[in-house]
Amino acid sequence: MTAPASPTPSTGSLPAAHPAHHLALAVADMLADPADMRYSSAAGEAVRRQSLAYGAPGIALLHIELAARGERPWARAHHWLAYATGRPVASGPDSHPFYGAPAVAHALACAADAQPGSYGRALEALDTVIWADARARLETAHARIDASALPALAEFDTIRGLAGIGSYLLRRDGDGDLIRRLLAYLVRLTEPVRSPWKDQDGMLLPGWWTATGPSGRLEDDFPRGHGNNGLAHGIAGPLALLSAAALRGVTVDGHHTAIHTILAWFDRCLTGTGSGPAWPYTITHPGQAASRKPPAAAARPSWCYGAAGIARAQQLAALALGDTHRRDSAETILARALADPLQRQATTDSSLCHGFAGLAHLAAVTAADATPGNTGRLAAVIPGLLDAVHPPGGGSREAAAVVHQTAAPAQFLEGAAGIALAVLAPATGTPACTGWDGCLLTTHPTTPQEGPL
């Protein structure tokens, strides 16, 4: 693996608009060396090396972003990437977008985009494996559809499934045959299926309906499965990918119809918390049959589940369709959710996945694509979200104390590494340099790099 050849930038920090920037830098400094195990995940060595959620790829993303911004040295990013690639990584059924070859490749691709000419051989080898695995996944998925069986969430979602794989393909080979085949599968996923339960013979369910609960296992609360709305594990992930591809001009037959089908589902699911509009995390079988949805309890409006992630996916869809009304609606719902005391109260940590840092990130990327009026509304809530992560008046020492109190300092989705990444752009008022959040399907993909066909 070839390290970046450019000079190491200064380790001095840029002026910050919010003290959460100090937190980001403090986290990076505490996670500078992969040999320092004080903040290591309790998981095994294989997980620490190749898990995007819990290990080296997620930490590497933080160092890559800071190096690309000129705030910390490239050497740190290279050390973490070298650790991640020092041994063979998982592929095939043992891998998914957040573990193994796709997870490590995402971090390498972010570094290669910022440092052209770096990591070429490692990416080429990983891409060959990922392309082969994606083809196998698609064959299995189409065979499942042909057999009229219901999918597992891990077939299509962002964390473990083809929506997450598709985000990487769109980045690396954005107009290639394989991404088009994957998009065609997502179109088929939106086609209705007949209920497999005999007493509901003839009832149509959305094609992404699963026979299990959100855990992927049979659950008493979901005796006839559920429809999952989340961006991490539900249909919002395929919506975001279909929309991002359309924004890049990459479409297949039925592409826009599929987007409209998912949007119609969300329109039907939209309810309220008593203080603002919201989407429920899941829809049960009785809920699918009901003509109206009951008000939902106030729930955190997070990236993984809830109003924030869904609103961003809807905004991307509206941009792809040129639907100004839906765009305004999605942005307004997000602004209201982030300002809603009940939904804010339901948010109890600072994580990227389901906490205040993730909300600040989503507010920032949504504001960047919003209409002028909504840009201001979304920008207005960002300081309060950052305050919840790191109170105003704190400096590097206070930030380090916050990190020490974090239960999972080395983690991307639920720990300090992800918090640091998520607050960088909103705290400094400058957009991300590397497209690190492509794995979250919250951003437009960067220009595709050359990869295997």
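Colour the protein chain by pLDDT, the predictor's confidence in each residue, from 0 to 100; the chain averages 88, and 85% of the residues score at least 70. This is a predicted model, in which local features need pLDDT of at least 70 and side-chain atom pairs count only at pLDDT 80 or more, while totals for chains, interfaces and linings use all residues. Residues are numbered from 1 along each chain as its sequence is written, and side-chain values use heavy atoms, with hydrogens and water left out.

Next, select residues 4-16, where pLDDT stays under 50. For this stretch the model has 33 contacts (heavy atoms within 4.5 Å) beyond four places in sequence. Then select residues 449-453: pLDDT again stays under 50, and the model has 14 contacts beyond four places in sequence.

Move to Thr434, in the segment after helix H19 (416-428); helices are DSSP runs of H or I, at least four residues, numbered from the N terminus. Is Thr434 buried or exposed? Thr434 is buried (under 20% relative accessible area; exposed is over 50%, partly exposed in between, with a 1.4 Å probe and protein chains only), at 2%. Not counting residues up to four places away in sequence, Thr434 touches Ile64, Glu65, Ala68, Cys110, Ala114 and Arg171.

Finally, display the cysteines. A disulfide is a covalent bond between the sulfur atoms of two cysteines, taken here as a pair of cysteine sulfur atoms within 2.5 Å. A search of the whole structure finds zero disulfides. Select Cys439: Cys439 is in no disulfide, and the nearest cysteine sulfur, that of Cys110, is 7.5 Å away. Cys439 is buried, with 9% relative accessibility. Select Cys353, which is also buried, at 8%.

Notes: Helix = DSSP H or I, 4+ residues; strand = E, 2+ residues; numbered from the N terminus.
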